[in-house]
Amino acid sequence: MLSTKVTDCNAHGQDSSYFLGWEEYEKNPYDEIDNPNGIVQMGLAENQLSFDILQSWLDNNPDTTAFKKNGQSIFKELALFQDYNGLPAFKNALVKFMSEIRGNTVTFDPNNLVLTAGATSANETLMFCIANPGDAILVPTPYYPGYQPILVTLIQFHTLNRFDRDLRWRTGAEIVPIPCSSANSFRITKSALEDAYQQAQKHDLKVKGILVTNPSNPLGTSLNLHELDVLFNFISTKNIHLISDEVYSGTVFSSPNFTSVMEVLKNQNLVNTEVSRRVHIICSLSKDLGLPGFRIGAIYSENGDIISAATKMSSFGLISSQTQYLLSEMLADKKFTKTYLSENRRRLKHRQETLVKGLQKVGIRCLKGNAGLFCWVDMRHLMSSKTFQGEMEIWKKIVYDVRLNISPGSSCHCCEPGWFRVCFANMSEKTLVFAMQRVKSFVESMTKKNSNPSRQEQIRLNHARRTKSLPKWVFSLSTQQLEV
């Protein structure tokens, strides 16, 4: 008597290793005082490094938190019905903040903005607008633990993740991965795009667009100009959409600088053209401002039909008027936004360097990154076998024995086993240093294990040395006895 959306809810991806690690953490969360032997959460891409700056602003603006304007209460005004287009003051403040993040190289029109309850809602809404059930979206690998590809057998991916929930679960759209490799630091290439497009056509899937996360989750890198040129040439040739998920745009802490797709449109004189009508941006304040609980997301597009449809659909996931008012006041304070963006980037850079150097000391390298709240960590040399099974074996040891929750590359649909996403901004620096101590002990134990053969193997080696000068038939007979 239930719908198939309920009976087939395994497509949500809740059973992936990404979520299983979270479940183990929730059973045994680390606390320096109450549970020092618990699991340290390093699988949560959350920015807790700059809350003191946010708290300071709130302390200095008590009228805003009390819902007052010019000393008068506006609580009733905010509590009553509001149009689902959103508060004009908030939309104006948000687009100016988006421009500031991008160095004011581009401007955004608030009329082209649709507010949503977080980036998850924005992604799904945009999927509804672009793709029919069964249509395909191309996504470069590895990608955010939430999108599940349809062509799993082609590249041996085997876990569901969070983009499955965001893009496929209710829309019926399919995801075709664009395999990228460590050979070129997981950069997008023209040949990889073409291969994915052809694979989709072989399976009778109509490709409607490409979705990129820029900066990348989980790589912690931003797209370079060559990649952006490749993407724009490809969507122009194929006449498809480009969705740029730019929720980490404010986390870029070192060179190269972040380049938004809006800058590409401007620099290539494509604004107000047919191409610009097929380029869309997902933005959020969950990462850029560290406020995931406020559920602030948005779609930006120059396509009037998409803006109209998405605005109507946004009624299913609105942002409260109180939240919009509070943030409109905060973002309108340019002294605050300038301080926050600058200091937050400095802190992210320091924290990322702390993690990278800590891992380097024990022989673990990371992909060179310039953004995000995580590092893409290479542990291939620690695996017993260069397979996804080997990756899961080492992941289980890290979660259950080392007691660190990290995300295996397979949960991000990486086409190479042995890579892991490790988050660094959701904990204190003291906790991060403590986690590095656990990693050090783990690597030392693994190195010792790999350098010392098993007892039976040692017996064989010693026996071989003693019998080296004996006839082969004697050695063969002795070996058979040893096995018995």
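I210 counts as buried because its relative accessibility is 0%, and the cut-off for that label is under 20%. The model is predicted. I210 is found in strand β7, which covers residues 207-213. Its surroundings come from several parts of the sequence. Leaving out residues up to four places away in sequence, I210 touches I137, L138, I178, L193, L231, F234, I235, I240, H241, L242 and I243. Take I240 as one of these contacts. I210 and I240 are 30 residues apart in sequence, yet their C-alpha atoms are 7.6 Å apart in space.

Now step back to the whole chain. It has 484 residues, and 53% of them count as buried. The chain holds 19 helices and 15 strands. Consider the contacts between residues at least 6 apart in sequence. Of these, 76% join residues at least 24 apart.

Strand β7 belongs to an open sheet of seven strands. The order is β4-β10-β9-β8-β7-β5-β6, and the pairing is mixed. At the edges lie β4 and β6, the latter spanning 174-178, and each pairs on one side only. Direction ignored, neighbouring strands of this sheet are turned by 25 degrees against each other on average. Inside the sheet, β9 and β10 run antiparallel and are joined by five bridges.

Helix α6 packs on it and touches β4, β9 and β10. The direction of α6 makes about 105 degrees with that of β4. Helix α13, residues 304-313, also packs on the sheet. Its contacts are with β4, β8 (241-245), β9 and β10, and its direction makes about 25 degrees with that of β4.

Look at α6 in more detail. This helix runs over residues 88-101 and has 14 residues. From first C-alpha to last it reaches 20 Å, close to the 20 Å expected at 1.5 Å a residue. Helix α6 is mostly covered, with 10 of its 14 residues buried. The buried residues are F90, K91, A93, L94, V95, F97, M98, S99, E100 and I101. Their cover includes strands β4 (113-116), β9 (279-284) and β10 (297-301). It also includes helices α14 (321-332) and α15 (334-360). After α6 comes G103, whose phi is positive, near 70 degrees.

The pairing of β12 can be traced on each side. With β11 it pairs in the antiparallel sense over two bridges. There, the bridge partner of C366 is V377. Strand β12 (residues 374-378) also pairs with β15 (residues 419-423), again in the antiparallel sense, over five bridges. F374 stands opposite C423 in β15, and C375 stands opposite V422.

Which side chain of opposite charge is nearest to E391, and how many Å away is it? The nearest is R380, at 8.9 Å. E391 is buried yet has no salt bridge; a salt bridge would need the charged atoms within 4 Å. Not counting residues up to four places away in sequence, E391 touches M383, P408, G409, S410, E416, P417, G418, W419 and F420.

Note on methods: Residues numbered from 1 in each chain as written. Predicted model: local features only at pLDDT ≥ 70, side-chain atom pairs only at ≥ 80, totals over all residues. Heavy atoms only, no water. Buried < 20%, exposed > 50% of the residue type's maximum accessible area, 1.4 Å probe, protein only. Lys, Arg positive; Asp, Glu negative; His and termini not counted. Contact = heavy atoms within 4.5 Å. Helix = DSSP H or I, 4+ residues; strand = E, 2+ residues; numbered from the N terminus. Expected span 1.5 Å × (residues − 1). Pairing = 2+ DSSP bridges. Axes fitted to C-alpha atoms, helices over the stretch in contact; angles between N-to-C directions.
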